[in-house]
Amino acid sequence: MTLLRTRNLSAFYGDFQALFSINVTVEEGETVAIIGANGAGKTTFLRSVAGAIGTAPEMVLFDGHPIGGKTPHEIVRLGIAMVPEGRRLFPSLSVEENLLLGTHSERTGPWNLKRVYELFPRLFDLRQLPAPALSGGQQQMAAVGRGLMSNPRLLLCDELSLGLAPVIIRDIYQCLAAITAEGTTVVLVEQDINRALDASARFYCFQEGRLALTAPTKDFDRDAITAAYFGL
Amino acid sequence: MDWINILIQGGLLGGFYALFAIGLSMSFGIMRLVNIAHGDLIVLAAYVAMVVIQGTGLSPFASLIIVVPVMFVLGYALQRGLLNQTLSGGLLPPLLVTFGISIIIQNGLLQIFGAYDHRLQEGSIETESLKFLGSLDIGVYPLLVFAVAVLAIAGLQLLFYQTRLGRAFRAVSDDADTAELMGIDNRKLYALALGIAMIFTAIAGVLFGIRTIFAPSAGPIRLILAFEAVIVGGLGSMWGTLIGGMVLGIAQAVGAALNPTWQILAGHLAFLAILIVRPSGLFPRTTD
């Protein structure tokens, strides 16, 4: 069943057009990667789906219903959660308070504080600390946990690996498997192509706001990706 | 002993200024709204109380049962219907709009009630005093106002740090865009914030109306005192606001003791001195 579909999705920052007629389909339960160079429009795509950038209603369909132009808080309540680029934890809140912020979606499901702490045991010991006291990797775990606390059907992850050590990135991507095992659909935006392709079943490659290539990851052609990535 | 007396009177007066400032501090802390109409809203609350008292025969304290909900609804509606529209366009639109509200309130009150001075009468509590250690004379009413200020701030701290709503307020204050992405309806939350701020404005207005005479033009001076208390205390810190109010109150009391005409000037000078030495106030929390 198709969970997310964008139809000719275009997005603008003022007069600047950042996305041109993007058609992306995500099936329920699958993990899809969106790759592309800096400025390709990956983050803009996620922000359009999450409602942070306004679009025409029919440009974004979630579970068959048009959600383009709804506000972000309405969209979270429908079941789309965002793990924003750069974590964006609330600095004056403790780790646990940051996680609890996810409950403002007022959705029920498998995820609660206990389950998030089971997934990221280190966060349990750090739960009383202010968010900025955590290392980058721990902050990323908290940001993913905060997203899960809203019990999303679709989790949007923007640059999970940004600024983190390889060993930490590996840990976080291992946890992603536990998340998808709950039936949560995941869209990953990554600059780290190998990491993204390892974790996903299909990928879309964006280039300068346009869709350049899409394929299942198991039979991808590295040269084709390189060409699509750099526009060669 | 005289000087101890002066310090205590000044400190208690600071409770008053802190009460003036709580609403201002909240709306700035949560939505970065600099509410120029804040002083006039305090005066408006005093007039609302006056009308309630005349209409029902309640005492000023009892009139709060009606004045507080009225001001809450007014604050909620003001934010929801008007001020939310101004928040995305930078610092200037909310300043101009609240400046306009200030003019509307002042002239509206002048039109309806005239330029006469009014006062709310609460009876003997206004003049009673307690004697301590023989020569310390502490007015019951200033003590009560100070206690209300402390309780109000303690209550707000509980709200901010122990409740789900308070957590949402702090999150929105940190990063409004991300809070919205987490499912918080910022516009509704802002409306609630101004509603809650107006609860304290209502209390400040009634206590102010009992203490001194008020007229439609009394707002701007309350606004300046509130601003000074918030800035001396440090933006975003509620207990800082109380300390800021006490610094102003003590400076005024000391100034008045030296020369009665120096009272107001001494408060402003203390404010300027602190602004020079610590531009971000004594206990700053908000960083932008």
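Four bridges tie strand E6 of chain A to strand E7 (residues 154–158) of chain A, and the two run parallel. Helices (H or I, at least four residues) and strands (E, at least two) are DSSP runs, numbered from the N terminus. Keep in mind that this is a predicted model, where local features need pLDDT of at least 70, side-chain atom pairs count only at pLDDT 80 or more, and totals for chains, interfaces and linings use all residues. Residues are numbered from 1 along each chain as its sequence is written, while chains are lettered from A and ligands numbered from 1 in the order in which they are written.

**The sheet in chain A**
- E6(A) and E7(A) belong to an open sheet of six strands, ordered E6-E7-E8-E3-E9-E10, with mixed pairing (two strands pair if DSSP finds at least two bridges between them).
- Strand E6 (80–83) and strand E10 (210–216) of chain A sit at the edges, each pairing on one side only.
- From one strand to the next, the twist averages 15° (axes are lines fitted to C-alpha atoms, for helices over the stretch in contact, and angles run from 0 to 180 degrees between N-to-C directions).
- A:Ile80 has A:Leu154 as its bridge partner in E7(A).

**Helices lying across it**
- Helix H1 (residues 42–50) of chain A lies across E3, E6, E7, E8 and E9 of chain A, at about 150° to E7(A).
- Helix H9 (residues 222–230) of chain A lies across E3, E9 and E10 of chain A, at about 35° to E9(A).

**Where the chains meet**
- On chain A, 22 residues are in contact with 14 residues of chain B (C-beta atoms, placed from the backbone, within 7 Å).
- Helix H2 (72–78) and helix H3 (95–101) of chain A each supply at least two residues of the side that touches chain B, and H2(A) gives the most, with four residues.

**The nonpolar core**
- The largest nonpolar core has 162 residues, and those with the most contacts inside it include A:Leu156, B:Leu19 and B:Ala45.
- Such a core is a set of buried Ala, Val, Leu, Ile, Met, Phe, Trp, Tyr and Cys residues joined through C-beta atoms within 7 Å, where buried means that 20 or more other C-beta atoms lie within 10 Å of a residue's own.
- Helix H8 (residues 186–211) of chain B brings the largest share of this core, 18 residues.
- Beyond its neighbours within four places in sequence, B:Ala45 is in contact with B:Val67, B:Met71, B:Thr201, B:Ala202, B:Gly205 and B:Val206.

**Confidence**
- The predictor gives the complex an ipTM of 0.91 and a pTM of 0.91.

Key. A residue is buried if 20 or more other C-beta atoms lie within 10 Å of its own, exposed if 12 or fewer, and partly exposed in between; C-beta atoms are placed from the backbone. Two residues are in contact if their C-beta atoms, placed from the backbone, lie within 7 Å.
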